[in-house]
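Please read them with the structure open.

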Amino acid sequence: MRAGTDSESSAAQWRVPRALPVLKLPGAAALVGLGLFFAEGDQVRLVLAGLAAAALVGSALRDLLAPVRLAVDAAGITVISGFAGRRRLDWDAVEAITVDRRPRLGLATEVLEIDTGDSLHLFGRYDLDAPPGEVAEALRAARPERR
């Protein structure tokens with residue numbers, strides 16, 4: 001368990017890397033700058049650059065407002081829901097905790113999947129600031145034995 005471990009109750013949380021929103025904001029400014037530089041009077045290019053920058057700023061705001069994407073304790077799992085909300089999943093509702101590994105663009109990517117039957121919650125490396133495989137192991141270890 002990486003970020004925010006509490007050894008007494010085996011509670012842990014995983015969050016977005018602290019540097020990520022800090023990098024997104026200058027990236028948004030760079031997109032606007034590139035849009036202005038390459039627009040050459042074309043409003044469509046400028047609007048597209050502005051929309052892409054706005055999406056990046058929105059993503060950075062979400063990272064700042066709700067940095068903790070996943071938390072676990074003895075009672076269950078808390079996941080991010082919507083833009084910055086939280087949803088509590090009791091252990092009885094969790095059907096499966098798996099890691100989907102796929103080759104993509106010459107690299108292997110991993111995605112943590114938490115399946116409740118009614119919903120599927122997906123978390124990547126940059127949501128957790130830890131390898132999804134390690135987080136899945138920590139979640140399984142924190143889960144009480146089924147009766």
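1. The side chains of Arg-101 and Glu-110 are joined by a polar contact of 2.7 Å. The model is a predicted one, and the distance is to be read as such.

2. Arg-101 belongs to strand E5, which covers residues 96–104. Besides Glu-110, Arg-101 touches Thr-109 and Gly-133, leaving aside residues up to four places away in sequence.

3. Is Lys-24 buried or exposed? With a relative accessible area of 15%, Lys-24 is buried, because the cut-off for that class is under 20%. Lys-24 sits in helix H1. Leaving aside residues up to four places away in sequence, Lys-24 touches Leu-56, Ser-59, Ala-60 and Asp-63.

4. The next point is the helix pair. Helix H1 (residues 19–39) packs on helix H2 (residues 43–65) at an angle of about 175°, and their axes are 8 Å apart. H1 is therefore roughly antiparallel to H2, since angles over 145 degrees fall in that class. On the H1 side the contact includes Leu-20, Lys-24, Ala-28, Leu-31 and Phe-38; among the H2 residues are Arg-45, Ala-49, Leu-56, Ser-59 and Asp-63. By type, the residues of this contact are 17 nonpolar, three polar and three charged.

5. What is the order of the strands in the open sheet? Four strands form this sheet, in the order E1-E2-E3-E4, with antiparallel pairing. Strand E1 (12–15) and strand E4 (85–90) are at the edges; each has a single partner strand, so one side of each has no neighbour in the sheet. Direction ignored, neighbouring strands of the sheet are turned by 15° against each other on average.

6. Within the sheet, strand E2 (residues 68–73) pairs with strand E3 (residues 76–81) over four bridges, in the antiparallel sense. As background, strands of a sheet pair through backbone hydrogen bonds, in either a parallel or an antiparallel way.

7. Helix H4, made of residues 132–142, lies across E1, E2 and E3. The helix runs at about 30° to E2. Gly-133, listed above as a residue that Arg-101 touches, can be looked up at this point.

Technical notes: Residues numbered from 1 in each chain as written. Predicted model: local features only at pLDDT ≥ 70, side-chain atom pairs only at ≥ 80, totals over all residues. Heavy atoms only, no water. Axes fitted to C-alpha atoms, helices over the stretch in contact; angles between N-to-C directions. Helix = DSSP H or I, 4+ residues; strand = E, 2+ residues; numbered from the N terminus. Parallel < 35°, antiparallel > 145°, perpendicular 65-115°, else oblique. Contact = heavy atoms within 4.5 Å. Nonpolar A, V, L, I, M, F, W, Y, C, P; charged D, E, K, R; others polar. Buried < 20%, exposed > 50% of the residue type's maximum accessible area, 1.4 Å probe, protein only. Polar contact = N/O pair within 3.5 Å; in protein donor to acceptor, adjacent residues only side chain to side chain. Pairing = 2+ DSSP bridges.
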